[in-house]
Amino acid sequence: MEYNYERFKPSNYEYEKFPGPKAGSTMLDFAMTNLDGGTVNLADYKGKWVVIETGSLTCPMYVKNINPFKKLQASYPDVVFLVVYVREAHPGSRTNPHKSIEDKIALAKQTQADYGDDRETLVDDLAGSMHQAYGSFPNMAYVIDPDGRVVYRCDWAFAHLIEGVLKNRPNLNPAERKQIITAAPWIMIPVCLKGGWDALWDLVIALPGILWGHLKVDVARLFGKSPS
């Protein structure tokens with residue numbers, strides 16, 4: 001499966017699978033690039049609590065979180081809040097899939113400027129090495145303790161879920177799946193349009209497939225079957 005896909009379709013994601021480090025396991029270390037072009041390793045943050053969220057310019061699920069995460073960041077000044085910039089969720093004629101790391105860094109900078117996200121941003125490599133190792137979802141979240149242990153992860157990031165984990169530190173939270181709730185139309189439409197009208201159309205026609213993919217996971221979970 002091509003990582004930096006040209007157009008979005010439900011088959012770009014395997015909703016029933018969630019590879020990567022689970023709660024209680026050691027985080028996987030990766031070297032990434034900051035917006036100044038320097039190299040930063042995830043291991044550099046050992047000794048601190050870290051919240052990692054993945055996102056991109058064309059990801060409505062990430063954009064919906066920016067203001068809630070700002071409030072959360074203000075409430076937990078001892079926690080490092082990171083955004084890892086991954087592949088474009090909804091590429092199209094306006095925003096193409098990344099062709100170079102320089103292109104990816106430029107779009108990460110644009111994202112900060114367009115959406116006013118002041119969190120530290122790290123850019124994954126062009127092949128999505130960190131993203132794929134941690135689960136490949138467009139807007140997933142991880143909470144990592146000062147020892148480099150994963151305390152919590154979720155396929156879809158929501159600030160209130162992260163807050164619950166931070167309030168309950170240092171206890172592990174094994175709940176790692178979120179029943180899909182899409183971003184509001186007033187977020188989804190303008191964010192997808194940054195990819196292009198074709199990107200918005202791709203999402204509209206894909207929505208039934210997305211919902212079906214998540215429904216299968218939710219039903220399996222209801223009957224006690226592991227979706228991973």
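Thr-121 is buried, at 7% relative accessible area; buried means under 20%, exposed over 50%, partly exposed in between (1.4 Å probe, protein chains only).

Me: What kind of model is this?
Reply: A predicted one: local features need pLDDT of at least 70, side-chain atom pairs count only at pLDDT 80 or more, and totals for chains, interfaces and linings use all residues. Residues are numbered from 1 along each chain as its sequence is written, and side-chain values use heavy atoms, without hydrogens and water.

Me: Which residues is Thr-121 in contact with, leaving aside neighbours within four places in sequence?
Reply: Contact means heavy atoms within 4.5 Å. The partners are Thr-33, Asn-34, Leu-35, Val-83, Tyr-85, Ala-108 and Gln-112.

Me: How do I read a nonpolar core?
Reply: Nonpolar side chains tend to be buried together in soluble globular proteins. A core is a set of buried Ala, Val, Leu, Ile, Met, Phe, Trp, Tyr and Cys residues joined through side-chain atoms within 4.5 Å. Here the largest has 53 residues; Phe-8, Leu-42, Ile-52 and Leu-82 have the most contacts inside it. A second, separate core has 17 residues, including Tyr-152 and Leu-166.

Me: What does Leu-82 touch beyond four places in sequence?
Reply: Its contacts are Leu-42, Tyr-45, Val-50, Val-51, Ile-52, Glu-53, Glu-120 and Leu-122.

Me: And empty space?
Reply: Rolling a probe the size of a water molecule over the atoms shows where it is left. For the side chain of Thr-121, space is taken up on one side by a polar partner: the side chain of Gln-112, at 3.3 Å.

Definitions and conventions. A polar contact is a pair of N or O atoms within 3.5 Å; within protein, one must be able to donate a hydrogen and the other to accept it, and residues adjacent in sequence count only if both atoms are side-chain atoms.
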